[in-house]
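Hi there,

Here is the structure I promised to pass on to you. Please open it next to this email, and then read on for what turned up in it.

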Amino acid sequence: QIDILMMIMARPSKALSYAIRLSIALYMVFSFFIFQKAHVVHGPYDAVAELSQSKQEFIVDSGRKKGIQPTTSKILTELHRPVSQIFNNPKLPDWVKTYAKWHAKQRKRYFDDMRANATSDVRFLISRCLTNDKCGGASDRLQEIPYSIMLANQTNRVLLVRWEKPARLENYLVVPEGGIDWTVPDDMFPKEENWHLRGKEDSEHKIVSTIRKDSAAPKFRQYQEEELGGNKIYHEIFRLLFSPSEALTARIQSTMKSLQLNPKEYSSVHLRVKYPVKGIKENDFSFEKHKSQITGWANNAVNCAAELHPNSTIYVSSDNNDTVGYLLEESHFAQHYIDATKDKKHPLVVKLVARDYSTENEHVAFSQTTEVDGFMNVFEDLFIMGLGKCVAHGVGGYGRLAAALCGGECVTAHRKHGGNLNVCSDALKDIQRSIDKR
């Protein structure tokens, strides 16, 4: 480029004006410097600087990670997978497809009857959490839905879902295009209509409703094993009803792009450390009080995830932000990250990431907040874990729900129902042993 520039300056054409020659010269000089800048090799990522920040500011910057960068279209495609694609899954039983079509026709028939002021014989099954109901957390309410679909199909009822607290479910989850419309508009039923809480589904009641059917998820898992030969369809049925809202989609997309998370290329850990077992009391929980116990759980959880999905990025979620902070800032996994990225002592094979954990996740059942945005993180974590390849979960239903949403094929419990550890081998020691053998 410099040679060409010198030729132009040395033997300018008589037809060219001085201004044109000057413009060409400036363009060539500018191009030369851009070309040089493009070949600058940046130094190694300074993880120490990141890890030295307070946990309110520390978000793992994966932007320098080599490999395919997540695209908006890929994330959106997974978040809003077309209903037609779900129906084409050969593992999905025919009754699900038949019910979805029947549901749409019955719902339309009901509203046609309403507009005509006619009595309708359409019957409903409503999964509800009304103002005075005691409903449990997000997973307590949502994990029953696939079983409720099966029950509604067996009893010829249209399944609906209605939340009034802590906020309307539609703030977080919406009906996918062409999916099963579960929404309950405010004027759908007369205010005096009896919803027959815990009524028999095979009764003649127009409406029966349920609150937190704890037996539903285990029954559906049993159905998958005994009737479907172990095929996992929980996540497919869930996606026929629920897609993230526009606001939630934006949050998930932003987090995944900032952490460089590609769908199905990372795995997740969920830690429910406030669950009331092993001396833990949720109402007066303190991380410092139980730190020794919790850090043991946390390290084992990561070991279990690394055992499931070696050499992967692991997304960390918890009901306690101090637990996330410990793993990303203080644990031996944090030091491993520094050794691999800054000091180049070994390959980076366990990388922990998390969204902003400066504030704690609100519990849907216990929180006093009434702000819609206050619960967005609960659904954000659920979908991000559900888009990964594997999930290592502990006690409680939230982690199990995330595991079901990721497909249910690559799952382990790092803590058992009673709170005891399912001990996994030390991932970093295993890695070092394999390095030492080389």
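D381 counts as buried, because its relative accessibility is 2%; buried means under 20% relative accessible area, exposed means over 50%, and partly exposed is in between (1.4 Å probe, protein chains only). You will find D381 in helix α15, which covers residues 376-386. Helices (H or I, at least four residues) and strands (E, at least two) are DSSP runs, numbered from the N terminus.

Before you go further, please keep in mind that this is a predicted model, in which local features need pLDDT of at least 70 and side-chain atom pairs count only at pLDDT 80 or more, while totals for chains, interfaces and linings use all residues. Residues are numbered from 1 along each chain as its sequence is written, and side-chain values use heavy atoms, with hydrogens and water left out.

Which residue's side chain makes a polar contact with the side chain of D381? That partner is Y315, at 2.6 Å. A polar contact is a pair of N or O atoms within 3.5 Å; within protein, one must be able to donate a hydrogen and the other to accept it, and residues adjacent in sequence count only if both atoms are side-chain atoms. If you set aside the neighbours within four places in sequence, D381 is in contact (heavy atoms within 4.5 Å) with Y315, S317, R355, N361 and Y398.

Next, have a look at L401, which sits in helix α16 (residues 397-405). L401 is buried too, as its relative accessible area is 2%. Although 258 residues separate L401 from Q143 in sequence, their C-alpha atoms are 6.2 Å apart in space. Q143 is also one of the contacts of L401 once neighbours within four places in sequence are left aside; the others are S139, L142, Y234 and L382.

Now for some backbone details in the loops. K165 and P166 are joined by a cis peptide bond, with omega at about -5 degrees. P166 belongs to the loop between β2 (158-163) and β3 (173-174).

N156 is not a glycine, yet its phi is positive, near 55 degrees. The loop between α8 (145-154) and β2 holds N156, and this residue counts as partly exposed because its relative accessibility is 48%. K264, again a residue other than glycine, has a positive phi near 70 degrees. K264 lies in the loop between α11 (246-258) and β6 (267-271), and at 40% relative accessibility K264 is partly exposed.

Enjoy exploring!
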